[in-house]
Amino acid sequence: MIPILNLTRQYEQLKTKIDEALIRVAASGHYILGPEVSAFEAEMAKYLGVKHVIGCANGTDALFLALKALKIGAPVDAQDEVITTPFSYMATSESIVRAGARPVFVDIEPDTMNMDVSLLEAAITPNTKAILPVHIFGQAANMDEIRRVAKAHNLFIVEDCAQAIGSEYKGQKVGGLGEIGCFSFFPSKNLGAFGDGGMCTTNDDDLAERLCMLRVHGSRKRYYHEESGLNSRLDEIQAAILRIKLPHIDEWNHARQAVASRYDELLKPVAASLKTPYRIAGNKHVFHQYTVQLQGANPSQLRADLQQKLQDAGIQSMIYYPVPLYAQQTHADLKLNPADFPVCEDISNRVLSLPMFPELTVQEQEQVAQALTNALQALPVHA
Ligand SMILES: Cc1ncc(COP(=O)(O)O)c(C=O)c1O
């Protein structure tokens, strides 16, 4: 079986150091927000080139904490709106709702599958407080335009960088391009912990202080609580593991890029049936996922058949994401019309993600490409 992701290969590489760190933390008596977390925050700030890193429990909390730090949503003003993309993981829009604000979706670009910035201005109302781009699959959204619009309308920018650690926009790492960057260390991410973990990044001293206060129940001084926050702390064990992995992130992202280029080559013979991922020149795509777009008039049927054939050949594939956020049941109260998001509607029927991780071998990739080619040839024409 060739899985979409294999985490044990990475552990095997770093086993001695990780095992030693686990024992060191167990013996230290510090388990939450201790010296490992502080050291990790400092090392990560240096890596990203940001002033502050605030570790927290997961990427979903990072988004919620960011919105609360910016005083967006209830109880300040429940009418607040945050513009975001509908082509993301649920955590993106769920966090806006959880903060007591309203997600406002704009459609996506067909090539990058990131937020279509040409639609931003029209989505702004007097209630708009922030723009929340997601750097989907590891490629940065169009931050120049997002920053221009945010500046013109006095809006905050919260970047959802959960899939994009180390990704660069015009030479600058994501996470420092808006007021707050939000990251996830869920095990499957490019930099993954051995459980949940997350962080916020910011260059603003006051926001950093607010984030630190909010992650411990809204408290700056123990047992004195100035507003309601969360219990959202990073564990020492996770921080110790992340400190071991951080020095490898560029090398792993580079390996992902090599895997992506190899797929591009191997899939050239089936270029009429599927589009390989588009890259914006000058940016650094870190390929959290390698997601192709199936062509033809009935892509969802083709996709279902293909997935079955791949599975029969021992290859795992995934659909990120089959249901756009505006169509999720949890957002039914927003009463949104799918017809307002034609690109996202279309793309969500076409996307298929292939096995992608730094340790994927050339031979495994060749097997994936061969199985995909065979399957496409065996299937009736869906055009
Ligand atoms: C785009 C995006 N945002 C937010 C999250 C939430 O992160 P977490 O699972 O750490 O809460 C994820 C991943 O799970 C994600 O892919």
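**View 1. N58 caps the N-terminal end of α3.** A side-chain oxygen of N58 lies 3.1 Å from the backbone nitrogen of T60. A polar contact here is a pair of N or O atoms within 3.5 Å; within protein, one atom must be able to donate a hydrogen and the other to accept it, and residues adjacent in sequence count only if both atoms are side-chain atoms. Helices (H or I, at least four residues) and strands (E, at least two) are DSSP runs, numbered from the N terminus. The model is predicted: local features need pLDDT of at least 70, side-chain atom pairs count only at pLDDT 80 or more, and totals for chains, interfaces and linings use all residues. Residues are numbered from 1 along each chain as its sequence is written, and side-chain values use heavy atoms, with hydrogens and water left out.

**View 2. Helix α3 is mostly covered.** Of its 11 residues, 10 are buried. Buried means under 20% relative accessible area, exposed means over 50%, and partly exposed lies in between (1.4 Å probe, protein chains only). The buried positions are G59, D61, A62, L63, F64, L65, A66, L67, K68 and A69. An α-helix has 3.6 residues a turn, so residues three or four places apart point the same way. Just after α3, K71 takes a positive phi of about 60°.

**View 3. The ligand has a shell of 13 residues.** The shell divides into four nonpolar, seven polar and two charged residues. In this count Ala, Val, Leu, Ile, Met, Phe, Trp, Tyr, Cys and Pro are nonpolar, Asp, Glu, Lys and Arg are charged, and the others, Gly among them, are polar.

View 4. Taken alone, the ligand exposes 380 Å², and the protein buries 93% of that. Accessible areas come from the Shrake-Rupley method with a 1.4 Å probe; for residues, only the protein chains shown count as cover.

**View 5. The ligand takes up the largest pocket.** The search runs on a 1 Å grid over the protein atoms alone. A cavity is a set of points where a 1.4 Å probe fits but cannot get out; a pocket is an open set with protein on both sides within 12 Å along at least five of seven lines; lining residues have an atom within 4 Å of a point. A molecule sits in a cavity or pocket if more than half of its atoms lie within 2 Å of its grid points.

**View 6. T128 and A162 are both buried.** T128 belongs to strand β4 (residues 128-132). Its relative accessible area is 7%. The T128 side chain reaches the backbone nitrogen of T125 at 2.8 Å. A162 sits in the loop between β5 (156-160) and β6 (168-169). At 19% relative accessibility, A162 counts as buried. F185 is 23 residues from A162 along the chain, and their C-alpha atoms are separated by 7.7 Å.

**View 7. The loop between α10 (299-312) and α11 (342-350) holds Q329, Y321 and K335.** The peptide bond from Y320 to Y321 is cis, with omega near 5°. K335 has a positive phi, near 50°, in a residue other than glycine. At 72% relative accessible area, K335 is exposed. Q329 is exposed too, because its relative accessibility is 73%. From Q329 to G192 the C-alpha distance is 29 Å, across 137 residues of sequence.

**View 8. Y223 has a positive phi.** The angle is near 75°, in a residue other than glycine. Y223 lies in the loop between β10 (219-221) and β11 (224-225). Is Y223 buried or exposed? Y223 is exposed, because its relative accessible area is 67%.

**View 9. R148 is partly exposed on helix α6 (residues 143-152).** The relative accessibility of R148 is 41%. R148 and Y263 are 115 residues apart in sequence. In space, their C-alpha atoms are 35 Å apart.

How values were computed
A residue is near a molecule or strand if one of its heavy atoms lies within 4 Å of it.
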